[in-house]
Amino acid sequence: MTPGIATDMTQPIGSPALIRLAGITKTLKGQEQPRTILDGVDLTVHSGESVAILGRSGSGKSTLLSLIGLFDRPDSGQYLLEEQDISRIAERRAAALRSARFGFVFQRFFLLKNLTAAQNVAMALVNGQGWLPRRKRRARVMAALEQVGIAHLAKNKPPRLSGGEQQRVAIARALVREPRILLADEPTGALDTETGNLVIDALHSATDRGCGLILVTHDHAHANRMGRVLRLQDGKLAAAHEQVVV
Ligand SMILES: Nc1ncnc2c1ncn2[C@@H]1O[C@H](COP(=O)(O)OP(=O)(O)OP(=O)(O)O)[C@@H](O)[C@H]1O
């Protein structure tokens, strides 16, 4: 075990983790003076686990997700991804890991409105080697849409889909590359509660296949659907006093 890395008591000691953060710090340049947003964040996430992160507006939740998703690097601390130390990796390798390991879902759906749901999902399969063979591509796209319960809407374009359906297309687009970790930043922020529940179901279904899920949310009911609920406060992550429903 790497010194300084906190263990997760719900998992067998020494079991490999998808993500281990230890003592992560990040200071951002404020308008007047620098502000330390993250001040010693520890977090371990295993395969198939779901974790909610709550915290007041401005507490640093999106900053933390951007470090986990390798859009930025910590100032100090250690980040192990599948037990590999990537605390200080260069952007080129970070970009490769981002597309190979992570799926991202945001509050806004970022769908291309002139493409069908299936075509939007298929866009995520374009890579450096070009397209997958047509039949394989179609099978993977339809499996991803099926997983989030909207295969029957594959031929619809976004303007003909509800907000919840559009978000599920965005989740299918994140899942089609079979990520190891799904990062969701307020994915239900633009949706009503009932529609938000369907979106949470769709995200949670990824954990059945071993994906790790980290959900940033302001919605306590949605947070409580995750296996663990944490709160980011004063730059640190700690267990939130929420009712946890596994
Ligand atoms: N690039 C930046 N430079 C300087 N300060 C920043 C930058 N990005 C964010 N901040 C500040 O850092 C703090 C944390 O922002 P962050 O977006 O991580 O919070 P959050 O918890 O996700 O908030 P919300 O719930 O409102 O989305 C905020 O005070 C924000 O204004």
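The shell around the ligand divides into two nonpolar, eight polar and two charged residues. Keep in mind that this is a predicted model. Which residues stand around the ligand? They are Leu 28, Lys 29, Gly 30, Ile 37, Gly 55, Ser 57, Gly 58, Ser 59, Gly 60, Lys 61, Ser 62 and Thr 63. Helix H1, residues 61-68, gives the most to this shell, with three residues.

Now step back to the whole chain. It has seven helices and ten strands. Of its 246 residues, 37% count as buried. Look also at how the chain touches itself. Take the contacts between residues at least 6 apart in sequence: 68% of them join residues at least 24 apart.

Turn next to a sheet. Strands of a sheet pair through backbone hydrogen bonds, either parallel or antiparallel. Here, four strands form an open sheet in the order S2-S1-S4-S5, and their pairing is antiparallel. Strand S2 (35-45) and strand S5 (84-85) stand at the edges. Each has a single partner strand, so one side of each is left without a neighbour in the sheet.

Follow the sheet pair by pair. Strand S1, residues 19-28, runs antiparallel to S2, and eight bridges join them. The two strands form a hairpin, with six residues between them. Find Leu 28, and you find its bridge partner in S2, Arg 35. Leu 28 is also one of the residues around the ligand. Further along the sheet, strand S4 (residues 76-81) pairs with S5 in the antiparallel sense over two bridges. There, Leu 80 stands opposite Asp 85 in S5.

Two loops deserve a stop. Most residues other than glycine have a negative phi, and most peptide bonds are trans. Leu 70 has a positive phi, near 65°. This residue is found in the loop between H1 and S4. Is Leu 70 buried or exposed? Leu 70 is buried, because 20 other C-beta atoms lie within 10 Å, and a residue with 20 or more counts as buried. Glu 82 also has a positive phi, near 50°. Its place is the loop between S4 and S5. Glu 82 has 15 C-beta neighbours inside 10 Å, so it counts as partly exposed.

Next comes a helix, H5, which covers residues 163-175. What span should its 13 residues have? At 1.5 Å a residue, H5 should span 18 Å. The C-alpha atoms at its ends are 18 Å apart, which agrees.

H5 is mostly covered, with eleven of its 13 residues buried. Those buried residues are Glu 165, Gln 166, Gln 167, Arg 168, Val 169, Ala 170, Ile 171, Ala 172, Arg 173, Ala 174 and Leu 175. What covers them? The cover includes two strands, S6 (102-105) and S7 (181-185). It also includes the helices H3 (117-122), H4 (134-147) and H6 (193-205).

Finish in the loop between S7 and H6, where Gly 189 is found. Gly 189 is partly exposed, with 15 other C-beta atoms within 10 Å.

Definitions and conventions: Residues are numbered from 1 along each chain as its sequence is written. This is a predicted model: local features need pLDDT of at least 70, side-chain atom pairs count only at pLDDT 80 or more; totals for chains, interfaces and linings use all residues. The expected span of a helix is 1.5 Å times one less than its number of residues. A residue is buried if 20 or more other C-beta atoms lie within 10 Å of its own, exposed if 12 or fewer, and partly exposed in between; C-beta atoms are placed from the backbone. Two residues are in contact if their C-beta atoms, placed from the backbone, lie within 7 Å. A residue is near a molecule or strand if its C-beta atom, placed from the backbone, lies within 6 Å of it. Ala, Val, Leu, Ile, Met, Phe, Trp, Tyr, Cys and Pro count as nonpolar, Asp, Glu, Lys and Arg as charged, and the others, Gly among them, as polar. Two strands pair if DSSP finds at least two bridges between them.
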